[in-house]
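Welcome, and take a moment to look over the model before reading on.

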Amino acid sequence: TTFRSEQYAAGSRHPDVTYGASIEDDLSRRDFTANALAVDVAGGALIDPFGGEGDIALGVLRAVGDADERFAEDPLRLLRAARFVAQLGFRVDAATEAAMTRQAPALVTISRERVLAELTKLLLGQYADHGLHALLESGLLTVAMPELGPLADTALGPPGIHREKDLWDHVTRVVVQTPARPAVRWAALLHDAAKPLTRSVDASGEVNFHGHERVGADLATRLLRRLKADKALQARVRRLVELHGRPQTYDVGWTDSAVRRLALEAGDALDDLLDLAAADVTSAREHRRRAAAARVAGLRAHIDRLEAEQALAELQSPLDGNELMALFDRPPGRWIAEVKDHLRELVIDGELGPEDKATAERIARELVEGMG
């Protein structure tokens with residue numbers, strides 16, 4: 001493309017573009033040095049006027065030129081910085097990090113859809129916990145997601161006697177321990193976000209967070225609705241946050257009906273729920289981690305057994321005994337089992353549909369006639 005340079009008037013987000021500029025002018029409008037590289041297609045030489053190759057080698061994210069100016073040109077770059085940290089594992093250099101803190105309030109000028117897109121990419125990153133810490137330390141976390149203010153306070157404020165400071169570390173660890181799927185990662189971020197809002201201390205001095213799942217589900221819905229997430233994502237994350245504690249209460253005493261009830265409540269988010277529950281264990285004590293993993297594994301096995309039984313129950317003869325007796329006007333007898341077993345084998349082999357009564361009647365007549 002034609003080289004271009006950009007100049008921003010004071011207070012304007014729309015640059016005056018000049019075409020026909022030099023490659024250096026073109027690269028100078030990029031956000032970070034790692035993105036301000038070019039290759040001469042004629043000779044193959046690397047064009048790197050801002051030291052991007054060295055920064056990539058060092059794993060450093062550094063703004064091109066004046067960091068405050070780069071972020072002022074497009075405040076979405078503030079989130080892009082944290083997103084690159086989450087995706088690449090880079091660290092932000094000190095000057096760029098300081099500018100992120102100074103420019104954080106400007107993020108409110110960015111459309112909510114663009115903010116949501118960047119935050120989702122960040123959450124899906126391999127180093128999402130590092131990206132979230134970058135948001136927290138720069139103040140961007142509560143600008144982008146003010147609903148997480150109480151959660152941020154537990155990380156930034158002085159540690160209390162009940163170690164609420166650990167809550168932020170727990171949340172970020174759960175995020176990276178979940179599969180990189182948008183709904184699961186968002187639910188991991190928000191699953192305990194309401195704990196600071198529901199904290200209470202009983203007479204014995206024990207800290208409780210009664211109802212934090214329900215309050216957290218409401219918080220998640222408000223946050224995602226404000227960011228204009230689609231309704232499917234809103235509903236799925238809400239369900240995961242509301243149910244996230246249930247799988248960890250499972251034990252061998254659960255009845256089949258209790259497991260079915262949880263599966264029905266989770267609906268098509270069941271796999272996401274089990275993955276979230278499995279990740280929601282960050283204790284330093286090995287026996288606690290093993291016990292929690294065993295509970296979730298036991299629940300998975302219970303669900304698999306019920307599904308297998310249900311699948312087998314559906315693989316039945318299209319005609320039951322009463323239908324066969326009415327069809328042939330014959331009394332009960334061994335013949336019914338023989339016909340049903342033959343029809344069921346055809347269903348299992350995929351040669352007969354479980355609802356195909358017409359074909360089943362034709363085959364049954366042939367069998368009965370052959371019996372004499």
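Let us begin with helix H11, where Ala183, Val184, Arg185, Trp186, Ala187, Ala188, Leu189 and Leu190 are the buried residues. Here buried means under 20% relative accessible area, exposed means over 50%, and partly exposed is in between, with a 1.4 Å probe and protein chains only. Helices, like strands, are DSSP runs numbered from the N terminus, with at least four residues (H or I) for a helix and at least two (E) for a strand. Because eight of the nine residues of H11 (residues 182–190) are buried, this helix is largely enclosed by the rest of the structure.

Before we go further, please keep in mind that this is a predicted model, in which local features need pLDDT of at least 70, side-chain atom pairs count only at pLDDT 80 or more, and totals for chains, interfaces and linings use all residues. Residues are numbered from 1 along each chain as its sequence is written, and side-chain values use heavy atoms, leaving out hydrogens and water.

Now for the nonpolar core, a set of buried Ala, Val, Leu, Ile, Met, Phe, Trp, Tyr and Cys residues joined through side-chain atoms within 4.5 Å. The largest one has 76 residues, and those touching the most other members are Leu148, Trp186, Leu189, Leu190 and Val237. The helix that gives the most to this core is H4 (residues 76–88), with eight residues. What is Trp186 in contact with, leaving aside its neighbours within four places in sequence? Its partners are Leu116, Leu119, Thr120, Leu123, Met145, Leu223, Leu224, Leu227, Leu233 and Val237, where contact means heavy atoms within 4.5 Å. There is also a second, separate core of 14 residues, which includes Trp335, Val347, Ala364 and Val368.

Next come the charged pairs. A salt bridge is a side-chain nitrogen of Lys or Arg within 4 Å of a carboxyl oxygen of Asp or Glu, and a search of the whole structure finds 28 of them. In one, Glu73 pairs with Arg77, with the closest N and O atoms 2.9 Å apart; Glu73 and Arg77 are both buried.

Another salt bridge brings together the side chains of Arg114 and Asp74 (3.4 Å, N to O). This pair links distant parts of the chain, 40 residues apart: Arg114 sits in helix H6 (residues 112–123), and Asp74 in the loop between helix H3 (67–73) and H4. Arg114 is partly exposed at a relative accessible area of 35%, whereas Asp74 is buried at 17%.

Arg181 and Asp272 also meet through their side chains in a salt bridge (2.7 Å, N to O). Again distant parts of the chain are linked, with Arg181 in the loop between helix H10 (165–177) and H11, and Asp272 in helix H16 (residues 270–279), 91 residues apart. Both belong to a network of salt bridges that links Arg181, Arg236, Arg239, Asp268, Asp272, Asp275 and Arg300.

Finally, let us see how two helices pack. Helix H15 (residues 256–266) and helix H17 (residues 286–314) meet at an angle of about 95°, and their axes are 10 Å apart. The contact involves Asp256, Val259, Arg260 and Leu262 of H15, together with Leu299, His302, Ile303, Arg305 and Leu306 of H17.

Technical notes: Axes fitted to C-alpha atoms, helices over the stretch in contact; angles between N-to-C directions.
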